Each structure stands twice: as structure tokens, then as C-alpha cells.
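Reader: I have a structure open and some time before my next run. Can you walk me through it?

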Amino acid sequence: MRAIFLDKDGTLVEDIPYNVNPSLLEFTWQAGQALQILQQLGYALIVVTNQSGVAKGLFTETALQPIHNRLCERLAQYGVTLAGFYYCPHSPDGTVARYATACTCRKPMPGMLLRAAHEHGIDLSQSWMIGDILNDVEAGRRAGCRTVLIDNGNETEWKMSPLRTPDLTAQNLYEAATLIAREHAGRQGQAPAGGELAAP
Ligand SMILES: [Mg+2]
Ligand SMILES: [Zn+2]
């Protein structure tokens, strides 16, 4: 099984910092269609999102459930199903003691991707991470995935390193999906002509 790991805020939905109000969720441009394309290519779709608002005491883990539900409802309108929704509730700057920790799941660390791979039997080398900041790219690379950076202005620091260099760059999630689809088509075009001929 291969997967697309998706950042949520700024990639799949418009970025509203620390939002847990499901009625404010809005897909980025053509995000539903983008996930349709990726699902048709045979990818499991898995959200991996940093939610440090939990550690900062802005909302509880329970408050993320309606967000997940709403996402699933909206995606169902496109015939799209999420295979997983993973979040990191931690932050080293948190104020809620039990979450105020340096963890291995907060992107740029790859913990959420590794856990998802384990739980869903995913081949990380056949998988992609798509996100709108370089921490997403780094998490993807650390997990052994290829990566797409959505270059939409949300990355502001541009601290580059080999681990933070994306394989592809796109303007939005829809373009990212079309680039991955094109990559598939290219691979099929180059595939050696194996197979068996039918008897004449
Ligand atoms: Mg983001
Ligand atoms: Zn964490």
C-alpha cells in the first residue's frame, strides 16, 4: 500500500490558526478534486497535522474530532475517503504540562508518518508527503517519502538543507496531484514491455 500524507492547515484546508470550529473549514482550491485524482492513482490518503493548540491549552484533543468528522463529510461529497487522521498535540512551548514536551511526532519529525505506515502497512518509499512549509518536507524526507512543497506563501523562514529540499513544488494541492499523476503516467510510459503475448 502506498500513501499520500497530507498536511491539513494551508494544504488541504485554508489556514486559520488554531481553528477547531468545523463550520469554518474551507478546502483550498480544488482540494476535493485533487484528492479524487490521488485516490484514483491508488494512494491511501492520510492527514498528518501538528496541533500544538492542545499543548498551548487553546483546545482539547476531543475538539479535533468534529474537525475530522467535517473533513470526512466534505470529502465524501467527492467520493474520497481518508484512510487516517493523525495529529501531534505536543509543543515544547506548551502550557499544559502533559503535552509540553519535545516529541517525535511533531513535524519536522516523522513520527506520525512512521506510525501511520506501521498501522496501515504502507511502503514509505512509494509514498509522498505534501505540505505548505519546509517542516512538512523534512518530515516526509525523514520518513523516506518523496515530497511536494506547496509554495503558497506560508513558509516564511526558508531554512534550507538537503532534508528540506522538496522533490516537487506546486502552487496548490490540485497542482501537486496533477504532478504526481504525471509522474505515474511517465513511469508507465517508460515501463519495460513485459507481459505475455496471446497465442495467434
Ligand atoms: Mg500547513
Ligand atoms: Zn508530538
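Author: Start with helix α4. Its buried residues pack against β1, α3, β4 (128-131) and β5. Keep in mind that this is a predicted model.

Reader: Which residues of α4 are buried?

Author: Leu134, Asp136, Val137, Glu138, Ala139, Gly140, Arg141 and Ala143 are buried in α4. That is eight of the ten residues of the helix (residues 134-143), so α4 is largely enclosed by the rest of the structure.

Reader: What follows α4?

Author: Gly144 does, and its phi is positive, near 95°.

Reader: Back up a bit. How many helices and strands does the chain have?

Author: Five helices and six strands. Along the sequence the pattern reads β-α-β-α-β-α-β-α-β-β-α.

Reader: How does the radius of gyration fit a compact globule?

Author: It agrees. For 200 residues, a compact globule would come out near 16 Å, and this chain has 18 Å. The C-alpha atoms fill a box of roughly 75 × 40 × 30 Å along the principal axes.

Reader: And what share of the residues is buried?

Author: Buried residues make up 38% of the 200. As for contacts, take those between residues at least 6 apart in sequence: 64% of them join residues at least 24 apart.

Reader: On to the core. Which residues touch the most other members of the largest nonpolar core?

Author: Phe5, Leu113, Ile130 and Ala176 do, in a core of 46 residues. Strand β2 (residues 43-50) gives the most to this core, with five residues.

Reader: Why would nonpolar side chains be found together like that?

Author: In soluble globular proteins, nonpolar side chains tend to be buried together.

Reader: Take Leu113. What does Leu113 touch?

Author: Leaving out residues up to four places away in sequence, Leu113 touches Phe5, Val48, Leu124, Met129, Ala139, Gly140, Ala143 and Cys145. Ala139, Gly140 and Ala143 are also among the buried residues of α4. Phe5 is another of the residues that touch the most other core members.

Reader: Is Ala97 buried or exposed?

Author: Exposed. Ala97 has 8 C-beta neighbours inside 10 Å, and the cut-off for exposed is 12 or fewer.

Reader: Which residue has a positive phi near 60° without being a glycine?

Author: Gln30. Look in the loop between β1 (2-6) and α1 (31-40). Gln30 counts as partly exposed because 16 other C-beta atoms lie within 10 Å, between the limits for exposed and buried.

Reader: And which one has a positive phi of about 50°?

Author: Trp158, again not a glycine. Its place is in the loop between β5 (146-150) and β6 (168-170).

Reader: Trp158, buried or exposed?

Author: Exposed. Trp158 has 8 C-beta neighbours inside 10 Å.

Reader: Good. I'll go and look at those loops.

Definitions and conventions. Residues numbered from 1 in each chain as written. Chains lettered and ligands numbered in written order. Predicted model: local features only at pLDDT ≥ 70, side-chain atom pairs only at ≥ 80, totals over all residues. Helix = DSSP H or I, 4+ residues; strand = E, 2+ residues; numbered from the N terminus. Rg over C-alpha atoms; globule rule 2.2 N^0.38 Å. Buried ≥ 20, exposed ≤ 12 C-beta atoms within 10 Å, placed from the backbone. Contact = placed C-beta atoms within 7 Å. Core = buried A, V, L, I, M, F, W, Y, C linked by C-beta atoms within 7 Å.
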